[in-house]
Amino acid sequence: MALSIIEDARLETIEEYRLCFSLADAPGCGWCFLCDAAGNVDEAALHPDGLDNLRMCRAGQGRSGGAIVCDGVVCEQRTIRIPVLARCHCGARLELASSWLNTCDACGRDYDGSGTALAPRHHWGEETGEHWAELVAL
Ligand SMILES: [Zn+2]
């Protein structure tokens with residue numbers, strides 16, 4: 001018996017912005033800081049060393065005296081996969097993130113990636129002589 005699906009798997013595109021700087025005499029070498037679309041860096045979220053680097057970049061001069069140029073805001077799009085959200089027979093919500101084994105946190109039932117209930121683990125490996133714990137560790 002298959003599970004009822006609460007939400008189908010879907011792809012979601014997320015955008016991340018980075019404010020980038022590079023050394024004028026070494027293009028490709030530089031620093032990037034997570035920021036918003038307008039280039040505002042959340043300075044409170046930076047590590048103190050990162051904040052030092054940001055201030056150095058904004059000042060336009062590296063520690064060895066070389067000029068630093070601002071390359072502007074770079075937008076990177078990443079596509080992430082949101083797994084199927086299903087309802088376990090016990091009523092709990094369960095993500096089918098793995099293609100072959102998904103375990104309900106609430107009741108411990110196992111399902112494959114399509115939401116079909118798997119045999120209890122103590123039956124696993126009966127045909128091959130393996131112990132179920134070896135299969136789970138794969
Ligand atoms: Zn369950």
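**Entry 1: helix α1.** I began with helix α1, residues 48-59, whose twelve residues reach 17 Å from the first C-alpha to the last, close to the 16 Å expected when the span is taken as 1.5 Å times one less than the number of residues. Just after α1, I found Gly-60 with a positive phi of about 85°.

**Entry 2: ground rules.** I note that this is a predicted model, in which local features need pLDDT of at least 70 and side-chain atom pairs count only at pLDDT 80 or more, whereas totals for chains, interfaces and linings use all residues. Residues are numbered from 1 along each chain as its sequence is written.

Entry 3: I looked up the secondary structure and found two helices and eight strands, taken as DSSP runs numbered from the N terminus (helices H or I of at least four residues, strands E of at least two). From the N terminus on, I read their order as β-β-β-α-β-β-β-β-β-α. The chain is divided into domain 1 (11-79) and domain 2 (83-136), with bounds from an automatic or database domain assignment, and I recorded 44 Å between the C-alpha centres of the two domains.

**Entry 4: overall dimensions.** Along its principal axes the C-alpha trace spans about 70 × 35 × 25 Å.

**Entry 5: burial and core.** Of the 138 residues, 10% count as buried, a class that requires 20 or more other C-beta atoms within 10 Å of the residue's own, with 12 or fewer meaning exposed, anything in between partly exposed, and C-beta atoms placed from the backbone. I then listed the largest nonpolar core, made up of Leu-3, Ala-86, Cys-88, Leu-94, Cys-104 and Tyr-111; such a core joins buried Ala, Val, Leu, Ile, Met, Phe, Trp, Tyr and Cys residues through C-beta atoms within 7 Å.

**Entry 6: Tyr-111 and Thr-116.** Leaving out residues up to four places away in sequence, I found Tyr-111 touching Leu-3, Leu-96, Asn-102, Thr-116, Ala-117 and Leu-118, where contact means backbone-placed C-beta atoms within 7 Å. Thr-116 sits in the loop between β8 (110-111) and α2 (132-136), and it counts as exposed because it has 11 C-beta neighbours inside 10 Å. Beyond its neighbours within four places in sequence, Thr-116 is in contact with Ala-2 and Tyr-111.

Terms used
Two residues are in contact if their C-beta atoms, placed from the backbone, lie within 7 Å.
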